[in-house]
Amino acid sequence: MKQSYKLILRTVVLFASILTVTSVSAQRIEKDYKNNLTYYHYGYNAKLEKSFFGGLVFSDNRGNKVEYSKEYIEKEYPELIDNEEGQRMFLMDHISRYKYTSGYEAGYKIDFSGKVIIEDNRGNKIEYSTDFFGNKVFEDKSRGIKRTIGKDILGTYNYKSGRESASLKKNIFDRWEYQDSEKNKVEMSSNTWAKYLAEYRSEEAVFLYLINQYLSKGQEWSWYF
């Protein structure tokens, strides 16, 4: 997900001015004696700290914990390494996603072959790598499904899994348009697209969300967000 994750921070920063609640809440972020970013609000505590091996770990007092290895951060989030403001936005993004969840744990790492592995404590596991054509090949180990996602030279995102397929592109009216093999077709206004992009942080992640809603019926990718 190199391209999508590299866009995460840029997208979040771009829409930070729109998300006034996030902007106000970010003022509650402080540093503890170990120089870790911490957050406290009405009984909810969260923090973002460096792991022993140089990665990043998000945790809160609801028992949620998401760990990112150093190798994963360097590959997918290079903007975070020396960017405190980016780390603050990263923390706020995790707070918004996990504040109302309890006991969730996940790990993001890269194995010796360069394959990205994402696994959580609810039985979900995804491995992905990039093929010769630059497409991302996802292997859903928990469901035994292989998916391919890529972006062609015209800027169209394409998805393929067995007989299922979907696409996301800008149409002649300069609006983003989603279509899939189930004959679903959705055209998004600029405002709707901006909201999706602010929430899901990259074009590719919006595409996965739409696939989850219209093609996979909310069963395949919901945990991934």
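**Close-up views of a predicted model**

**View 1. Asn124 in its loop.** Asn124 is buried, with a relative accessible area of 10%, where buried means under 20% relative accessible area, exposed over 50%, and partly exposed in between (1.4 Å probe, protein chains only). This residue belongs to the loop that runs between strand 7 (116-120) and strand 8 (125-130); helices (H or I, at least four residues) and strands (E, at least two) are DSSP runs, numbered from the N terminus. The side chain of Asn124 is joined to that of Asp120 by a polar contact of 3.0 Å, a term for a pair of N or O atoms within 3.5 Å, of which, within protein, one must be able to donate a hydrogen and the other to accept it, while residues adjacent in sequence count only if both atoms are side-chain atoms. The model is a predicted one, in which local features need pLDDT of at least 70 and side-chain atom pairs count only at pLDDT 80 or more, whereas totals for chains, interfaces and linings use all residues. Residues are numbered from 1 along each chain as its sequence is written, and side-chain values use heavy atoms, with hydrogens and water left out.

**View 2. The protein chain and its confidence values.** The secondary structure of the protein chain comes to six helices and 14 strands, and of its 225 residues 45% count as buried. The mean pLDDT, the predictor's confidence in each residue on a scale from 0 to 100, is 84 for the protein chain, with 84% of the residues reaching 70 or more. Among the elements of the chain, the highest mean pLDDT, 97, belongs to strand 13, and the lowest, 44, to helix 2 (residues 20-26). Over residues 1-27 pLDDT stays under 50, and the model has 48 contacts (heavy atoms within 4.5 Å) beyond four places in sequence for this stretch. Where pLDDT is low, the predicted coordinates should not be read in detail. Of the contacts in the protein chain with a separation of 6 or more, 43% come from residues 24 or more positions apart.

View 3. The buried residues of helix 4 include Gly86, Arg88, Phe90 and Tyr98. Gln87, which lies in helix 4, is also buried, with a relative accessible area of 16%, and touches Leu37, Leu48, Leu80 and Ile81, when residues up to four places away in sequence are not counted. At the start of helix 4, a side-chain oxygen of Asn83 comes to within 3.2 Å of the backbone nitrogen of Glu85.

**View 4. Aromatic rings around Tyr68.** A search of the whole structure finds 20 aromatic pairs, in which rings of Phe, Tyr and Trp (its six-membered ring) have their centres within 6.5 Å, and planes under 30 degrees apart count as stacked, over 60 as edge-to-face and the rest as tilted. Tyr68 and Tyr77 form an edge-to-face pair, with 5.9 Å from centre to centre and 75 degrees between the planes. Tyr68 is buried, with a relative accessible area of 3%, and Tyr77 is likewise buried at 3%. The rings of Tyr68 and Tyr108 have their centres 4.7 Å apart and their planes at 25 degrees, so this pair is stacked. Since Tyr68 lies in strand 5 (residues 65-68) and Tyr108 in strand 6 (residues 105-110), the pair ties together parts that are 40 residues apart in sequence. Tyr108 counts as buried at 6% relative accessibility, and its C-alpha atom is separated by 9.6 Å from that of Lys70, 38 residues apart along the chain.

View 5. Lys183 is exposed, with a relative accessible area of 78%.
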